[in-house]
Amino acid sequence: MTVDHPVSRSAVPYQFDNHVFPTPSTQLETLTPSAAANLASFQAYLRSSKRILALVGAGLSASSGLPTFRGTGGLWRNYDAMELATPEAFSNDPSLVWQFYSARRAAALQAMPNKAHYALAELAKRMPDFLTLTQNVDGLSTRANHPPNQLLHLHGSLFSLKCTSFYCDFQEDNHFTHPLTPELAIASEISAPYAHIPLSGLPHCPKCHTGLLRPGVVWFGEALPWRAVKAADDFISAGKVDLILVIGTSGTVYPAAGYVDRIRMQGGKVAVFNIDIDDSEGEDDFPEMEPERSYANRTKWTFEGDAAEWVPVALEPIIGPIEVQEGSDGERFNLAVGRSDD
């Protein structure tokens with residue numbers, strides 16, 4: 001069956017208008033002696049680390065103004081968001097599910113990468129043996145120019161598309177055109193009532209021209225992408241990982257806990273950056289009078305607060321200061337200003 005509106009590469013890419021940038025905080029301007037010693041100890045170990053893994057979650061994008069997956073009350077237009085994120089929901093009502101994901105794509109495109117996204121991208125560029133595992137589907141790490149060969153999407157991406165036809169293997173990544181069809185434009189209008197879209201108005205495969213496309217995210221009940229999981233396993237197995245950065249997620253909940261445990265078993269150390277630190281994630285005792293560069297007896301560091309502020313500061317000895325500017329097209333980019341230890 002030929003459809004009216006297949007996904008077209010000639011469509012105009014999404015324009016980034018009406019940006020909402022978070023108000024800068026001053027939480028790092030006045031560190032206590034203990035916090036300053038904790039940071040100095042971490043940075044000393046960071047300088048000595050050869051292989052680093054980062055595991056990131058929703059807290060990384062919080063300062064970008066991106067709403068969480070579940071949203072207020074776990075509802076999207078009075079629908080349970082979690083119930084829409086299943087293969088069964090898509091099979092039963094692809095129009096409803098595609099409108100939900102089109103709205104999420106629009107929200108992600110309105111958000112902008114923050115300094116933590118750029119800091120991790122810069123660390124990847126400077127360290128060949130650095131790998132980021134992201135649980136986020138928002139595409140912000142990609143838009144921060146994180147090297148793709150050092151970025152694994154454990155939960156897929158809102159900007160990946162897959163054909164649902166059994167006989168077609170079409171898949172496309174980093175498709176930032178929005179909306180995917182003219183009919184899906186209404187999904188971006190929060191106040192607009194829900195209206196059913198016929199199959200002919202939903203995204204169809206440009207390869208087979210018959211299969212319906214689906215968002216390339218991991219739905220509830222689906223396995224994590226084998227290639228991403230294997231690549232992460234291969235990286236850990238290739239040699240000792242000196243340090244794992246747990247950013248915007250809990251290091252005590254799987255899959256994060258599994259990676260943390262494996263790296264600890266190798267003798268690696270852990271640094272947690274999160275708005276809320278679980279009691280079980282508390283850092284090692286670190287007397288304020290202990291030498292700042294002492295880390296021999298440390299196994300963990302914790303940095304409670306906004307990851308967008310903590311991560312760039314913590315990584316500064318390797319990546320230098322991060323300065324984010326906005327280009328003429330509305331996108332933001334990192335203006336490199338050199339390494340602090342040169």
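Asn145 is placed in the loop between α6 (140-143) and β5 (151-153), where helices (H or I, at least four residues) and strands (E, at least two) are DSSP runs numbered from the N terminus. The phi angle of Asn145 is near 65°, a positive value in a residue other than glycine. This is a predicted model, in which local features need pLDDT of at least 70 and side-chain atom pairs count only at pLDDT 80 or more, while totals for chains, interfaces and linings use all residues. Residues are numbered from 1 along each chain as its sequence is written, and side-chain values use heavy atoms, with hydrogens and water left out.

- Asn174 is found in the loop between β7 and β8, and its phi is near 55°, a positive value in a residue other than glycine.
- With a relative accessible area of 43%, Asn174 is partly exposed; buried means under 20% relative accessible area, exposed over 50%, and partly exposed in between (1.4 Å probe, protein chains only).
- Pro179 also has its place in the loop between β7 and β8, and the peptide bond from His178 to Pro179 is cis, with omega near -5°.

**Helix α1 against helix α9**

- Two packed helices are described by the angle between their axes and the distance between the axes.
- The axes of helix α1 (residues 33-48) and helix α9 (residues 307-319) come within 8 Å and cross at roughly 45°; axes are lines fitted to C-alpha atoms, for helices over the stretch in contact, and angles run from 0 to 180 degrees between N-to-C directions.
- That makes α1 oblique to α9, given that angles under 35 degrees count as roughly parallel, over 145 as roughly antiparallel, 65 to 115 as roughly perpendicular and the rest as oblique.
- In α1, Leu39, Phe42, Gln43, Leu46 and Arg47 meet Trp310, Val313, Ala314, Leu315, Pro317 and Ile318 of α9, contact meaning heavy atoms within 4.5 Å.
- The residues of this contact divide into 9 nonpolar, 1 polar and 1 charged (Ala, Val, Leu, Ile, Met, Phe, Trp, Tyr, Cys and Pro count as nonpolar, Asp, Glu, Lys and Arg as charged, and the others, Gly among them, as polar).

**Helix α5 against helix α9**

- Helix α5 (residues 115-126) and α9 have axes that come within 8 Å and cross at roughly 25°.
- α5 and α9 are therefore roughly parallel to each other, and α5 passes α9 in a left-handed crossing.
- Residues making the contact include Ala116, Leu120 and Leu123 of α5 and Val311, Leu315 and Ile318 of α9.
- The contact of α5 with α9 divides into 11 nonpolar, no polar and 3 charged residues.

**Aromatic pairs**

- The whole structure holds 12 aromatic pairs; rings of Phe, Tyr and Trp (its six-membered ring) pair if their centres lie within 6.5 Å, and planes under 30 degrees apart count as stacked, over 60 as edge-to-face and the rest as tilted.
- Tyr79 and Tyr194 have ring centres 6.1 Å apart and planes at 70°, so the pair is edge-to-face.
- Tyr79 lies in strand β3 (residues 79-80) and Tyr194 in the loop between β7 (171-172) and β8 (213-217), 115 residues apart.
- Phe273 and Phe303 form a stacked pair, 4.7 Å centre to centre with 15° between the planes.
- Phe273 is in strand β10 (residues 269-274) and Phe303 in strand β11 (residues 300-304), so the pair ties together parts 30 residues apart in sequence.
- Phe273 is buried, with a relative accessible area of 1%, and Phe303 counts as buried at 1%.
- Phe42, Tyr45, Phe273, Trp301, Phe303 and Trp310 form one aromatic cluster.

Definitions and conventions. Left-handed = near helix turned anticlockwise from the far one by under 90°.
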